[in-house]
Each structure stands twice: as C-alpha cells, then as structure tokens.
Amino acid sequence: MAKITASVFTSHVPAIGAAMDLGKTKEDYWKPLFAGYDFSKQWMKDNPPDVIILVFNDHATAFSLDMIPTFAIGTAPAYQPADEGWGPRPVPVVKGHPELASHIAHSVIQQDFDLTIVNKMDVDHGLTVPLSLMCGELDPVKGAWPCPVIPFAVNVVQYPVPSGQRCFNLGQAIRKAVESFDEDLNVHIWGTGGMSHQLQGARAGLINREWDNAWLDQLINDPVACAQTPHINYVREAGSEGIELVMWLIARGAMSDVNDGKLTGPAPKLLHRFYHVPASNTAVGHVILENSQFTV
Ligand code: DHB
Ligand code: FE
C-alpha cells in the first residue's frame, strides 16, 4: 500500500526562483536563505520519494476570476512551467502521476470533499519554487525532478478562502486516500506558501516574526489547535498573503499522528526547521516532519 512518510513545508517566492535561474544564490542577500535548504536538498537525495503531493496556490496563472476552484487536483501526465510575464522558468517539465491522482480524487470526493479535476494546467512559482528549493538547480531539458508530482491547488487568492480547519480535515482525507492505493509507494506531502507577507495596500511589506514562529510551534506540536486559527487572524497578523499558510495545514493533517481530528499517534520527528527574513517581501519558513514509524 502507498504511505505518506514525510511532510515538507516551505514558502514560495518568485524572486527565489529568479535568484536560482540567474545564478545569484551566492550573493550576500540570498546566501543565508539558500543555506537554510542545504539540509533539505541532501535529505531529498538520501530519501527520494516515489511521488510528491504538492499543495500550492495558483496566482491567477492557470485559473483566473473566470473560474475559482477552492480545491483542485491535477490528474494530468505532465505540467508545463508557466509564463508569469518574464517567460517560463528554465526548469524541467513536471511529470504527474495520473493513477494515484485519480485514485485520490475518487476517494477524497467520496469522503465528501468537493475537488475540481484538472487535466491541463501550467504551474507557476507556487509549485516550481518549492521544487527548486528542495531539489536544487536542474537542466531544463536534460534534467528531471526526482519523481512525479501531483499538483493540489487551493484558492487562497480570491475570497472566500477555505478555513484552516477544512484544510486540516482535507489532509486527513488525503492520507486515507493514499493508504487505500494498492501499490507500495513512498509519498511525500508538501504544504507551501506563507509565511507572513502582504504585497499590496497600506500594510505592504508587513512581516510578523513573533506570530510566524508561534504559529510554527503550534503547527508542529499542536496542529489541532493550529487548525482553529480563524482566517481573519492570518490576515491581521500575517498580512493579506499570510492566508497562504492554511495550505500547510493540509500537509500537517495528513501526518499519521492525526486520527479523527485528534492527536492520537506518536508525534512525527522534526527533521529540520528554518526561518529567515526577508526574501523579497516575504518571511520564509521551512519545516520537514517525518512520520515516526519511518525513522530508523
Ligand atoms: C511574493 C510572495 C508571494 O507569495 C508571491 O506569490 C508573489 C510575490 C514576494 O514576496 O515578492
Ligand atoms: Fe504566493
């Protein structure tokens, strides 16, 4: 059977992708940010997953105000890096896993979550920047991401957005779906976006280190309480784009210490935690959790 062995949490910032694509990672501004991912890149090499379920948000690239799915799962065989205005990033095409994605769609919809099925989608920085941070630079033609990826898009761009609680519940449904897939697969689930940032309006540039770190403590140690954070708290405390953090609760809800909405199993192992300000306008947070039964 397929198993979720680990969850990865990381901010996405388009400028991080540009810094990698333009060879600026050794510059003073960027060095401390990329140093926070050295452990992660080695860990990915040492523990390559068979599939990544990558929870991210589209930034009006594949979707627009014409159509706003709250939750959308990619069931396609491949996804092209999007052109966000400066040409597509020079990174490899993202291969999908249609069989597992279709199985998850079936199971999660039968568990009463409404998913939009997406058979064609270009993927923007929300998906490619976390992959680049975790996998490093790759040749766009000769290189390849280490495994297939199932893009799982969440609307956090246009109100109304889903609550953290619903995202947490959805993570539990995704884990059940994965565990009912009849093939031995080592699956990662990644929650991306955040942390505090606001790109527009009077509070543009807002960063809230104290709130971010308290939220991270709770995400790791008491996700049941973290899931109850009302959407307005994200916006007030972490800025208008801080709401991206609800996506991290999908990945946290899929870990095996969470059962029927409660913490009942052994806590996952915290393999890595990193926090850095600034990257462009954003506070960057990054955590790796491993399910304890997979720790040797
Ligand atoms: C920035 C951050 C984001 O999450 C995003 O989607 C776009 C820009 C930034 O900090 O520049
Ligand atoms: Fe974003």
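Start your tour by selecting Pro 278, which sits in strand S11; strands here are DSSP runs of E with at least two residues, helices are runs of H or I with at least four, and both are numbered from the N terminus. The peptide bond joining Val 277 to Pro 278 is cis, with omega about -5°. You are looking at a predicted model, in which local features need pLDDT of at least 70 and side-chain atom pairs count only at pLDDT 80 or more, while totals for chains, interfaces and linings use all residues. Residues are numbered from 1 along each chain as its sequence is written, chains are lettered from A and ligands numbered from 1 in the order in which they are written, and side-chain values use heavy atoms, leaving out hydrogens and water.

Next, step along to Ser 280, in the loop between S11 and S12. Ser 280 is not a glycine, yet its phi is positive, about 55°. With a relative accessible area of 35%, Ser 280 is partly exposed (buried means under 20%, exposed over 50%, and partly exposed in between, with a 1.4 Å probe and protein chains only).

Now colour the strands. Eight of them form an open sheet with mixed pairing, in the order S6-S3-S7-S2-S8-S1-S12-S11; two strands pair if DSSP finds at least two bridges between them. Strand S6 (116–118) and S11 stand at the edges with a single partner strand each, so one side of each has no neighbour in the sheet. From one strand to the next, the twist averages 20°. Zoom in on S1 and strand S8 (residues 186–192), a parallel pair with seven bridges. Here you can find Ser 7 opposite Ile 189 in S8.

Helix H3 (residues 38–46) lies across S1, strand S2 (51–56), S8, S11 and S12, at about 35° to S12. H10 lies across several strands, among them strand S3 (71–74) and strand S7 (149–154), and runs at about 160° to S8. Contact means heavy atoms within 4.5 Å; axes are lines fitted to C-alpha atoms, for helices over the stretch in contact, and angles run from 0 to 180 degrees between N-to-C directions.

Which protein atoms are the donors of the iron ion (ligand 2)? Select His 12 (NE2), His 59 (NE2) and Glu 244 (OE), which lie 2.1 to 2.3 Å from the iron ion. Donors are N, O and S atoms within 2.8 Å of the metal (3.2 Å for Na, K and Ca), and sites may look incomplete, as water is not among the atoms. Along the chain, the donors follow the spacing H-x46-H-x184-E. Distant parts of the chain are linked here: His 12 is in the loop between S1 and helix H1 (14–21), and Glu 244, 232 residues apart from it, is in the loop between H9 and H10. Both are buried, His 12 at 2% relative accessible area and Glu 244 at 4%.

Finish at helix H7 (residues 209–221). Its buried residues are Trp 211, Asp 212, Trp 215, Leu 216, Leu 219 and Ile 220. They cover an arc of only 160° around the axis, so they are on the same side of H7 (the arc is that of the directions from the helix axis to the C-beta atoms). Turn to the face away from that buried side to see the exposed Glu 210 and Asn 221.
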